[in-house]
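Biologist: Hi, could you walk me through this one? I'd like to start with a single residue and then zoom out.

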Amino acid sequence: MEKKNYFRLGRAADVSLARGYYLFRFLETVPGIMLWATLAGIIFISWRAPAAASLFIVIFDAYWLLKTIFLSWHLRASYKKMKQHLKLDWLAKLEEIRAYNPQLKVENWRDIYHLVILPFYKEPYGVVRGSLEAIQQAHYPKDKIILVLGVEERAGEEARFIASRLGQEFSRSFFKFIISEHPTDIAGEIPGKGANETWAAREAKEKIIDSLGIQYEQVLVSSFDIDTRIYPHYFGVITYHYLTTAHPLRSSYQPIPIYNNNIWDAPFFSRVVASSGTFWQMMQQARAERLSTFSSHSIPLKPLVEMNYWQTNIVSEDSRIFWQSLLFYDGDWRTVPLFYPVSMDANVGRTLGETVKNVYKQQRRWGWGVENFPYLVFGFLKNKKISFRPKLYWSFVQLEGFWSWATNALIIFLLGWLPLILGGAKFNVTVLSYNLPRITRLLMTLSMAGIITSAIISSSLLPPRPPHKKKYLWLSMILQWAFLPLTIITFGSVPGIDAQTRLMLGKYMSFWVTPKLRNPRSNQHQSL
């Protein structure tokens, strides 16, 4: 199978040859099989060999403690660097650059254009306008910003009206402003962000980039979720990294998503889930060797065109573009951490029940990123130019990451008690059974240091409290972390198990658009 075929596969059914189909389908079952084998194995061993199960649980809890310390160190390091980057004048830093990478065909940082794509569906006018306003207020020459507002045809007349209204308001604020309309029911596409942003990027390339003769190397493409509000120096930050990194045309560029646009309106569990997502991305920034793209991200136009843009037949296009690039360029791809934030929405519904449902669906959609594992391993088997070591490394990172997502919280907070429940009377009179809860309690207490770190950092990331919000809400922002064990099981392990089981059974997911809801009195961009 040629590279042009395998690197754009979505699922097993896209593989033309029977042998390849069965291999891809087997790979789709691997994460689910590993997940359920782990859970069933712990239950079985707790029943048949409670002493061995107890030893495993103690070792696992110790591993979790060490992992917590390790990740907390990375979190603090990332947080410190992000605060430093927020204080810098990035346009001044751009002026200090004297040597420019010749492969970019630029003589000055002002030669770099930014193509910003904002795909939206049925989001309210205020949400879309807030994102455009943040770009308008950016500390970067507006004559170097090309903005595409991507409308979905299936969203109907209201979406067209919103786009037209915003076009009238903002069209003179940027070098170019166009509205693209992604058609409904294109064969082979899954309706969602990937299809919309790909359509928008193609239109911008044909109508603006090509017609004006702008070199592809001089264009950075930023694809933002529609609720993304950039901080003032975002374009300066990404331009600086693009001009100074060793492999600018073989890199993606990743900011830190902070879900604080409407954080004061979100219930406690939504805040914990949102903050946990931010912390994970911050920790990954400190481990650049493991960093892939997520949500809002940026990529040079030249490789994007060479790869034929984002995939339109999958759900997790934001992370897939990294794996797609890794395969297309024979392993020569990386993600550059920006250590600079973008502000996004926490999940808020009209009612508490609706919020619970929406948070779960959003986490399950993120968990559906497990679809990248069979794609990646299948591509590694086909691509002989990538050496064995990175193949093994990335395959392990993907499999272990999704396995941990679905199982770790359950093992720590629930399954650790199974030997005492299933071990029987004979085991329950042993010294090990007596000490098991004490040892695990001690290890978990020590692990609480990670929760304390999370509480402190999450408080420092909060925007100013809106005047209509009560002062006591500050206290709830701290106390919410006491519910972390329940939250990471309900909105971490369970949707992770859901997603991996669906993939294992071939029950493929479609793209679910997260509803955007804000209190108008809280609808304002706040700096850190």
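Modeller: Phe380 sits in helix α13, residues 372–382; helices (H or I, at least four residues) and strands (E, at least two) are DSSP runs, numbered from the N terminus. Keep in mind that this is a predicted model, where local features need pLDDT of at least 70, side-chain atom pairs count only at pLDDT 80 or more, and totals for chains, interfaces and linings use all residues. Residues are numbered from 1 along each chain as its sequence is written, and side-chain values use heavy atoms, with hydrogens and water left out.

Biologist: Is Phe380 buried or exposed?

Modeller: Phe380 is buried, because its relative accessible area is 5%. Buried means under 20% relative accessible area, exposed over 50%, and partly exposed in between (1.4 Å probe, protein chains only).

Biologist: And what does Phe380 touch?

Modeller: Leaving out residues up to four places away in sequence, Phe380 touches Leu326, Leu327, Ile386, Pro390, Lys391, Trp394 and Ser395. Contact means heavy atoms within 4.5 Å. Phe380 and Trp394 are 14 residues apart in sequence, with their C-alpha atoms 9.8 Å apart.

Biologist: OK, new spot. Where is Thr293?

Modeller: Thr293 is in the loop between α9 (268–285) and β7 (297–300). Thr293 counts as buried because its relative accessibility is 2%.

Biologist: Which backbone oxygen lies 2.6 Å from a polar atom of the Thr293 side chain?

Modeller: That's the backbone oxygen of Asp318. Asp318 is also one of the residues that Thr293 touches, along with others including Ser252 and Thr335.

Biologist: Switching to charges: how many salt bridges does a search of the whole structure find?

Modeller: The search finds 20. A salt bridge is a side-chain nitrogen of Lys or Arg within 4 Å of a carboxyl oxygen of Asp or Glu. One of them pairs Asp225 with Lys193, at 2.6 Å from N to O. That pair links distant parts of the chain, 32 residues apart: Asp225 is in the loop between β4 (219–223) and β5 (229–230), and Lys193 is in helix α7 (residues 193–212).

Biologist: Are those two buried or exposed?

Modeller: Asp225 counts as buried at 17% relative accessibility, and Lys193 counts as buried at 9%.

Biologist: What about Glu203 and Lys207, where do they lie?

Modeller: Both lie in helix α7, four residues apart, which is about one turn of the helix. Glu203 is buried at 15% relative accessible area, whereas Lys207 counts as exposed at 52%.

Biologist: Let's zoom out. Which domains does the assignment give?

Modeller: Domain 1 (7–71 + 397–505) and domain 2 (106–366); such bounds come from an automatic or database domain assignment. Their centres, taken over C-alpha atoms, are 30 Å apart. The contact takes 40 residues from domain 1 and 37 residues from domain 2.

Biologist: How much area do they bury between them?

Modeller: About 3,200 Å², 67% of it on carbon and sulfur atoms. Buried area is the accessible area (1.4 Å probe) that two parts lose on being put together, summed over both. Phe7, Arg8 and Phe491 supply 24% of the area that domain 1 buries against domain 2, more than any other three residues.

Biologist: And how many salt bridges are there between domain 1 and domain 2?

Modeller: The count between domain 1 and domain 2 is two.

Conventions. Polar contact = N/O pair within 3.5 Å; in protein donor to acceptor, adjacent residues only side chain to side chain.
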